[in-house]
Amino acid sequence: MKHVILGTAGHIDHGKTSLVKALTGVDTDRLKEEKERGITIELGFAFLDLPSRIRLGIIDVPGHEKFVKHMVAGVWGIDLVALVIAADEGVMPQTREHLDICRLLRVKKGLVVLTKIDLLDRELLELIKEEVAEIVQDTFLKNAPILAVSSVTGEGIPQLLSAIDLLSQEIKGRSSEGLFRLPIDRVFTMKGFGTVVTGTMISGSLSLGETIQVLPSGLEGKVRNLQVYGRSVEKAVAGERAAVNLQGVETSAIERGDVLTRPNTLSSTQLIDAYLEYLPDAPRPLKHRTKQRFHVGTTLANASIFLLDRESLAPGESGFVQLRLERPVVALPQDRFVIRGSSAIQTIGGGVILDGHPDKHRRFSSSVIADLSLLKDGTSEQALRQHIHHSGMGGITLEDLLNRVEMLPNDVQSIIRQMEGKGDLLFIDPEKLKVIAKEQYQVLRGTALAELGEFHQRFPMKSGLSKEELRTKLPPEVDVKLFQILISKLIQSKEIVLEKDKLRLSGHQVSSVDEKGLAKRVEAAVLKGGLQPPSPKELSEEWSESEGEVRAIFEHLVHEGVLVRIKSEIYFHRASFENLKEQLVAYLKSHQEITTPQFKEMTKASRKYAIPLIEYFDQIKLTLRLGEKRVLRGTSQNAGKKV
Ligand SMILES: Nc1nc2c(ncn2[C@@H]2O[C@H](COP(=O)(O)OP(=O)(O)OP(=O)(O)O)[C@@H](O)[C@H]2O)c(=O)[nH]1
Ligand SMILES: [Mg+2]
């Protein structure tokens with residue numbers, strides 16, 4: 001059976017709830033407060049089967065200006081709207097605002113229902129119709145049917161039903177292949193069952209027993225019971241209204257506006273790129289960075305609006321914006337949204353999400369605007385390619401891509417494979433379907449080769465770098481799998497060589513500067529110097545060797561672990577250093593503390609060496625300086641001691 005969802009819209013008291021009752025027999029105003037005040041506050045739900053065997057879900061919305069946020073949640077994702085106007089009152093402020101909202105949300109089709117015609121002179125009906133024609137011109141309701149009814153006498157209700165039936169037949173059914181998403185519009189506890197949430201199945205399908213995830217909290221639970229229009233089902237699909245009984249998530253942990261999804265599919269966001277249409281009757285130009293209310297799905301968040309392509313947005317203009325939200329929401333490309341003012345609360349604009357997981361952008365950047373223009377006007381395949389090309393040196397997973405393009409998983413996969421076939425991308429992780437664009441891979445390859453080259457230059461006598469050392473020099477987003485692919489490709493292409501666990505550029509030759517046996521001579525000289533060793537400069541002068549050459553030998557010996565560099569120009573032989581270290585530790589164990597003069601005495605060296613040495617022991621966290629004294633670090637007797 002095909003499912004279509006119709007929402008009501010219109011000014012307060014114009015007869016929306018009465019109309020739903022006349023159509024379905026259900027009074028959707030169930031709250032005590034609603035009964036007492038005679039107005040709708042929360043969303044109401046009913047359904048009926050149309051003559052052409054289409055099941056029509058109905059969402060009744062409140063007309064009160066204070067509850068427009070509920071109205072937006074109710075009509076987000078509907079197929080059809082019934083714009084209700086009381087014939088005895090005509091067009092009123094929320095008639096226009098609700099119409100604006102439906103237009104901004106791109107509700108596809110609808111009709112206008114003039115209610116309360118039992119209260120009206122028939123000649124006046126023509127006047128109202130003229131008024132209606134005026135407000136719907138230039139909107140999706142331009143050629144929509146206008147029906148006149150009385151929910152009290154029942155007049156016009158059969159004609160309205162046929163009109164709804166006809167329109168419903170024109171609505172295309174939704175594919176249930178996409179990622180499952182259900183924006184929650186009600187949460188309650190049902191005795192004996194526990195947590196129940198309801199909402200419209202925007203996309204995908206959901207089956208009994210499945211594990212679900214609530215976003216943005218990330219809580220997981222199981223589908224214990226599943227109902228579609230009051231009947232238990234095994235599976236609910238896109239376009240239906242579902243009530244989901246959840247096991248493992250408390251009612252108090254969920255609120256309207258949360259989204260039900262499958263684990264590891266969708267992710268929430270606080271940064272969104274969008275194209276914003278600013279309504280012509282907005283009260284004043286929109287300035288950069290103003291904070292407004294942002295509605296998407298059944299949720300609402302405060303958003304700072306960054307204008308990317310202009311200084312300010314005049315009423316009636318449109319532009320590219322980046323929204324920075326105060327709380328996370330689920331927003332996918334091509335989702336529609338509404339912006340309402342934060343001080344004077346009225347609908348001031350809305351538009352389309354272009355990217356729910358963008359980087360922070362610079363304003364007035366022509367490349368940013370070009371990219372966003374493609375996301376706005378290009379095909380979803382072009383958008384997909386753009387996201388892959390911009391994925392960075394870490395690559396991008398199928399899951400991330402599905403959050404960033406409006407495409408079915410299968411279509412994304414087949415394009416990825418096509419791109420691989422053409423050599424436009426590489427698979428990093430076939431399991432997670434993680435890919436990297438060819439040009440990003442080239443950047444990574446260049447970075448790795450440059451790092452190796454730089455290493456050879458610094459340590460001409462070292463054979464190369466270990467794999468792990470090289471990896472730490474690459475951006476952190478490069479994962480192990482990508483790194484392994486990179487290394488084996490570079491080895492295969494003979495650009496690098498792996499020899500005894502070390503990687504080197506294939507052109508690199510271990511430097512032969514040590515033909516003169518300098519390393520041995522340096523080591524001997526430094527060892528002989530004890531705790532007052534010669535510097536590279538001193539040795540080079542004494543031996544009449546080039547200073548650069550001698551310094552390279554020192555660095556080489558540090559790398560080999562033979563020498564220890566305390567600070568620039570002061571290198572000790574490891575043996576002398578370790579010896580002193582042992583002496584110091586023993587001294588501190590028996591005396592608890594040591595002063596600088598005592599330490600100097602221990603080293604028998606001048607201040608030039610003693611001071612850097614004791615500071616080095618502080619630096620390597622062997623000792624802790626407490627005023628003029630040092631103690632051993634980390635021993636229990638010093639823990640908590642005040643400086
Ligand atoms: N005579 C007459 N009265 C009607 C008709 N439809 C609704 N009413 C009355 O108008 C009042 C408001 O009707 P509702 O259906 O609650 O209006 P609503 O649009 O749902 O109001 P909100 O949800 O608060 O925006 C009620 O007293 C209804 O009895 C009608 O066709 N004829
Ligand atoms: Mg109502």
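Colleague: How many bridges join strand β22 to strand β23 (residues 347-355)?

Modeller: This is a predicted model, in which local features need pLDDT of at least 70, side-chain atom pairs count only at pLDDT 80 or more, and totals for chains, interfaces and linings use all residues. Residues are numbered from 1 along each chain as its sequence is written, chains are lettered from A and ligands numbered from 1 in the order in which they are written, and side-chain values use heavy atoms, leaving out hydrogens and water. Helices (H or I, at least four residues) and strands (E, at least two) are DSSP runs numbered from the N terminus, and two strands pair if DSSP finds at least two bridges between them. β22 and β23 run antiparallel, and the number of bridges joining them is 5.

Colleague: Which residue in β23 is the bridge partner of Arg-336?

Modeller: β22 is connected to β23 by a hairpin of 6 residues. Across this pairing, the bridge partner of Arg-336 is Val-352.

Colleague: Which residue in β22 is the bridge partner of Phe-294?

Modeller: Strand β18 (residues 290-296) also runs antiparallel to β22, and 3 bridges join the two. Within this pairing, the partner of Phe-294 is Ile-339.

Colleague: Which residues coordinate the magnesium ion (ligand 2)?

Modeller: Donors are N, O and S atoms within 2.8 Å of the metal (3.2 Å for Na, K and Ca); water is not among the atoms, so sites may look incomplete. Here the donor atoms are both named OG1, and the distance is 1.9 Å. The residues that supply them are Thr-17 and Thr-40.

Colleague: How many residues apart are Thr-17 and Thr-40?

Modeller: Both threonines are buried. Thr-17 lies in helix α1 (residues 16-24), whereas Thr-40 lies in the loop between α2 (32-37) and β2 (44-49). The pair thus links distant parts of the chain, with a separation of 23 residues.

Colleague: Is Lys-35 buried or partly exposed?

Modeller: Lys-35 has its place in helix α2. Contact means heavy atoms within 4.5 Å; leaving aside neighbours within four places in sequence, Lys-35 is in contact with Asp-27 and Asp-29. Its relative accessible area is 48%, so Lys-35 is partly exposed.

Colleague: Are α15 and α16 oblique or parallel to each other?

Modeller: Axes are lines fitted to C-alpha atoms, for helices over the stretch in contact, and angles run from 0 to 180 degrees between N-to-C directions. Helix α15 (residues 536-543) and helix α16 (residues 547-560) pack at an angle of about 130°, with their axes 9 Å apart. Angles under 35 degrees count as roughly parallel, over 145 as roughly antiparallel, 65 to 115 as roughly perpendicular and the rest as oblique. The two helices, α15 and α16, are therefore oblique.

Colleague: Which residues in α16 do Pro-536, Lys-537, Leu-539 and Ser-540 meet?

Modeller: These four residues belong to α15. Their counterparts in α16 are Glu-547, Val-550, Arg-551 and Phe-554.

Colleague: What is the order of the 3 strands in the open sheet that contains β32, β33 and β34?

Modeller: Strands of a sheet pair through backbone hydrogen bonds, either parallel or antiparallel. Strand β32 (residues 593-595) pairs with β34 (residues 629-632) in the antiparallel sense over 3 bridges, and strand β33 (residues 623-626) pairs with β34 in the antiparallel sense over 4 bridges. The order is β32-β34-β33.

Colleague: Which residue in the turn of the β33 and β34 hairpin has a positive phi?

Modeller: The hairpin has 2 residues between its strands. In β34, Lys-629 is the bridge partner of Leu-626. The turn residue with a positive phi, of about 65°, is Gly-627.

Notes:
Buried < 20%, exposed > 50% of the residue type's maximum accessible area, 1.4 Å probe, protein only.
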